[in-house]
Every structure is written in structure tokens, then in C-alpha cells.
Amino acid sequence: MRATLMYSAGDVRVENVPAPGIQKPTDALVRVVRTCVCGSDLHPYHDLPASDRGTTMGHEFLGVVEEVGADVRAVSDGDLVVASFSYQDNTCSACRDGVQTACPHGGFFSTAQAEAVLVPHADGTLVKLPVEEDSDLLPSLLTLADVYGTGYHAAKQARVTAGDTVTVIGDGAVGLLAVLSAKQLGAEQIIIMGRHASRTDLAREFGATDVVAERGEEGIAKVRELTGGHGTHKVLEAVGYRNAYDQAVGVVRPGGVISRVGVPQYDEAPTGFTSLFGRNITLNGGPAPVRAYIEELLPAVLDGTVNPGRVFDRTVNLDQIADGYHAMNDRTALKVLVTP
């Protein structure tokens, strides 16, 4: 089958690799119908060390079940399914606590930008979708695999409630869907910090009330100006770089919450008296257990109440995926949909 491999920073290729097969009775084999490039894929695109073997890529996909192991009960051959970007048994104590990304029997997909994917723990990972594989809803349904669930996780971890003021840092797909999620949870004022007009225009359509293009101290001052000098109750950080964290600390108000879902590209950041402790700031977040949210978010996608698939602004086929990476890296595309 064809699959995407990254050989070094910026070197993305589509090659023929051995097709996967059922290995355990809890596995399922899924033919990929839609996949995509994620903002987190750009981290190795910037700095992956060179390798002669290449690294398989991709963690978001919709597909049709082609084969199941003997113990699989939740899905059958021919079902259209969405998978969370992590696989998990969904029965252990961590999964029951809603932290599926910490499942001791689980892991994270890294082979989804391909024609087929082997899914471990299929019963705990796959969700059957009540549409056909040619449905116009596929882009929005694909966001349930990661970016919509991750944006929603940011808002839930921040405990966004009716009347809150919220700052969202980052105008990528996760940041935009964090705006949508904060609006769904009742936030009154939603400030998005981003500088790409096409993206922040979409953020306004998703519910943002204000846009702050400035960064650093200038951006912090602007957010505080928009909030009467107080800062916002909740901050959703969807970037993962240290400067985004520093902005979050700068715009959160005393007693507020910073929720981080951007994969941190740093190991140290201030948490002491002058940054968090002295102001009673809560810091949380982490890899989104999107499997915990799929059934909750699915109905509004199916009935058209929300359209998170609008974050996809370019479509390529699998053989063109290197162009998709390039476009996202150059910020000429927000999020690239891939049709194998």
C-alpha cells in the first residue's frame, strides 16, 4: 500500500510499504477514506533528524472497516468509522476516568497518512458513523479524531462556563475549534490571539468577539485593555511554544485557569509566586482524550448545528501530501484534507 514517510526535516515522501494485517483478536483493519495533516506534524517537519528508513506519519483518519479480529464486537466489516488519535481499551481505570490518552494498554497512531491503518483495541478506539463514505459531512466528522476534540478538551479543562471571558492563543485549527467550543460552553467574551485574517475571520464566525493580532507584551496589554485591565478568566493555549505560554500567563486574571493543549516544545516555564502561585492561577491541560468526547460532539455535527470541518481549506490526494505539508508550513493553508 502507499503510505507517507518523513525522512528528515522537510523531506516527505509517499512510498509503497507492506500492508498491515490483523495481529491480535482485538485488532481491526481500516481502509482510510479521509486523513489530514496536523499542526503537530509540523514539529518533525521542522527538526526531524535524517534517517535512511523514514518515519511513518499521521494520526487522524476516517475509514471503512475491512477486517476485524475474533474478539471485536463494536464494529463490523463495511462500517464507516472514526478513530481517536490515540488507541485505548476504553475499559481500564484511566479510560473510565476520561483520560484515555493515559491508557496503560494504549498508544498513539503514527501511520494514518496511508491507504490503510491497523487499529489496536478496536472496540475501545473506533466509533461507527451513521453516514456513507461519500457524505458531505466527512470533513467535520474527521475533526472528531483530533482537532475538534482537542479544542473542546482545552475548554473543558479550563472549566469554561456561561459568562466567562476567554482568551484563545493560536489561530490554527485547534485554536479555532477551541473558540467554537468555548462558545458552545457559554463564554461571553472570546478573544482570539492570531494574526492571519482569513483564520481570525473564521474565528469570529465560530464565536470570537475580539481579535488581537499583537504578540508579546503588546498583545498582553491589548487583551487587558479589552477586559478592563483584568485579563480573562480562562486562557486556552493551542500553540505549544514558550512565547505562547508567556502570553497565557500575562493575560489570565487572578484566580483564572490556563489550559494547554498545544504540544509543548519546551521543558521549563515559570510557575512560581509572581507568575502563577501568587495569583492563584490553575495550570492544566494535556493530550486530549478525544475518545471521551466523540459521542458528546457527534450529534451536533450530524445535524449540522456546527461545522468544524470548515477548518479544512485545501484538499490534496495522498500523492500530493508533501505539497500539503509545505502549504501548512508556509501558512498558505490552515489545515489540509487528504483523500487517499
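1. The model is predicted. Helix α5, residues 147–157, packs against helix α10, residues 294–302, at an angle of about 120°. The axes of α5 and α10 are 11 Å apart.

2. Angles of 65 to 115 degrees count as roughly perpendicular and those over 145 as roughly antiparallel. The α5 and α10 pair is therefore oblique. The crossing of α5 and α10 is right-handed.

3. Which residues make the contact between α5 and α10? From α5 come Tyr-148, Gly-149, Tyr-152 and Lys-156, and they meet Glu-296, Leu-297 and Val-301 of α10. By class, the residues of this contact are four nonpolar, one polar and two charged.

4. A separate item is the second largest pocket, with a volume of about 240 Å³. Its lining is made up of 16 residues. Closest to the centre of the pocket are Met-1, Pro-20, Thr-56, Thr-111 and Ala-116.

5. Which elements give two or more residues to the lining of the second largest pocket? They are β1, spanning 2–8, and β9, spanning 116–119. Strand β9 supplies the largest share of the lining, three residues.

6. How does the lining of the second largest pocket divide by class, and how many charged residues are in it? There are 13 nonpolar and three polar residues, and no charged ones.

Conventions
Residues numbered from 1 in each chain as written. Predicted model: local features only at pLDDT ≥ 70, side-chain atom pairs only at ≥ 80, totals over all residues. Heavy atoms only, no water. 1 Å grid on protein atoms, 1.4 Å probe; cavity = no way out; pocket = protein on both sides within 12 Å on 5 of 7 lines; lining within 4 Å. Points joined across faces, edges and corners; volume = space filled by probe spheres on them. Helix = DSSP H or I, 4+ residues; strand = E, 2+ residues; numbered from the N terminus. Nonpolar A, V, L, I, M, F, W, Y, C, P; charged D, E, K, R; others polar. Axes fitted to C-alpha atoms, helices over the stretch in contact; angles between N-to-C directions. Parallel < 35°, antiparallel > 145°, perpendicular 65-115°, else oblique. Left-handed = near helix turned anticlockwise from the far one by under 90°. Contact = heavy atoms within 4.5 Å.
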